[in-house]
Amino acid sequence: MNGTQPPSCPSASTAEKIGVTFAYCLMFIVSLTGNIVIGIIVYKTKTMRKPINFFIVNMAMSDLLYPIILIPEEIQMLYIDSWLIGGPLGQALCKLGVFLGDFSAAVSAQSLVLIAVDRFGAVILPLRSPLISSKLCPFFILTTWIVAIAVNSPELFVKKLVEYPEGLFCENHWNEVFGESSSYENYILSYVVVFMFIPLVLIAILYIIIYIKIKSQIVPGEQSANAGQQRQQRERNVLKMAIAIVLGFAVCWLPVAIFRFIYLSTHTIQLRNCGIPNVLYVVNFMGLINAAINPCICSILRRNYRNKLEALFR
């Protein structure tokens with residue numbers, strides 16, 4: 001919405017506002033505690049300091065930033081249509097809201113690709129040195145953050161807090177910053193393709209190959225049968241967790257990406273302040289769910305995470 005005032009829409013009922021506020025608060029607590037706990041578990045357990053766990057922690061740390069900024073903003077918008085905070089702090093929060101969401105998604109997408117590559121090397125090329133060693137993990141993790149910051153940095157320049165008689169509103173001023181020849185719609189489309197669709201297609205291909213390999217493996221000799229079966233079971237368990245994390249990412253972030261692109265392409269959907277429930281609140285909430293779902297997936301599908309979690313709270 002470039003330089004246009006938000007439309008007036010019916011206000012949500014008090015019960016709806018209370019229900020959504022409770023859901024946001026619950027999501028905030030689960031996301032904050034869950035992602036911090038994942039980081040602590042991997043940090044304290046030497047046997048879990050493996051590439052796949054490092055990349056899960058990388059996703060957890062990026063997921064911490066998103067709800068810290070967005071959830072207070074969304075709760076405030078439930079009760080007051082305009083921004084309460086002006087000045088430099090208000091401008092900063094306006095810019096960070098969208099930036100951190102897309103930043104978190106970009107870091108997660110890159111981390112998921114790296115996890116898939118790591119699993120591919122472990123299953124398809126078990127006798128070779130790892131494709132991604134633990135020593136190289138800091139380099140790859142730093143790269144995911146640098147790429148995510150660089151790609152999403154335009155959001156920091158185009159988002160501005162604008163004052164109207166009705167109040168303050170956070171708006172997109174892409175053309176003012178980058179000129180008429182540049183298109184925000186093309187930027188979003190490129191982002192969705194590069195950080196959503198291409199990674200998901202690549203990940204799907206790698207996991208299909210891994211699945212076929214695991215299903216076709218034959219363990220030679222009776223003596224090695226038990227060891228081989230145990231190894232295959234471990235690979236299956238890790239694969240289940242990795243696929244569950246990918247599916248969680250796809251289910252949570254694809255609706256956000258699709259809605260944003262449709263909204264920007266048609267300019268006919270006016271939902272930002274139109275009460276609850278509406279599509280915008282749903283897709284924003286889906287993005288927030290992804291920030292909280294990974295710790296739950298790890299705890300449910302991986303016994304070592306569950307055991308360390310129980311030991312941490314004893």
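A disulfide here is a pair of cysteine sulfur atoms within 2.5 Å. The views below come from a predicted model, where local features need pLDDT of at least 70, side-chain atom pairs count only at pLDDT 80 or more, and totals for chains, interfaces and linings use all residues. Residues are numbered from 1 along each chain as its sequence is written, and side-chain values use heavy atoms, with hydrogens and water left out.

**View A. The C94 to C170 disulfide.** By that rule, the count comes to one disulfide. C94 and C170 are joined with an S to S distance of 1.9 Å. The torsion about their S-S bond is about 80 degrees, so this is a right-handed disulfide. C94 sits in helix α3 (residues 87-124) and C170 in strand β2 (residues 167-172), so the bond ties together parts that are 76 residues apart in sequence. Helices (H or I, at least four residues) and strands (E, at least two) are DSSP runs, numbered from the N terminus. C94 is buried, at 2% relative accessible area, while C170 is partly exposed at 27%. For those words, buried means under 20% relative accessible area, exposed over 50%, and partly exposed in between (1.4 Å probe, protein chains only).

**View B. Two other cysteines, C25 and C252.** C25 has 35% relative accessibility, so it counts as partly exposed. C252 is buried, with a relative accessible area of 3%.

**View C. L70 in helix α2.** Helix α2 covers residues 51-79 and holds L70. L70 counts as buried because its relative accessibility is 5%. From L70 to N284 is 9.0 Å in space, C-alpha to C-alpha, although the two are 214 residues apart in sequence.

**View D. Helix α7 and its bend at V193.** Helix α7 has 33 residues (184-216), and at 1.5 Å a residue they should span 48 Å; the end C-alpha atoms are 47 Å apart, which agrees. That expected span is 1.5 Å times one less than the number of residues. At V193, α7 bends by about 35 degrees, the angle between axes fitted to the seven residues ending there and the seven starting there.
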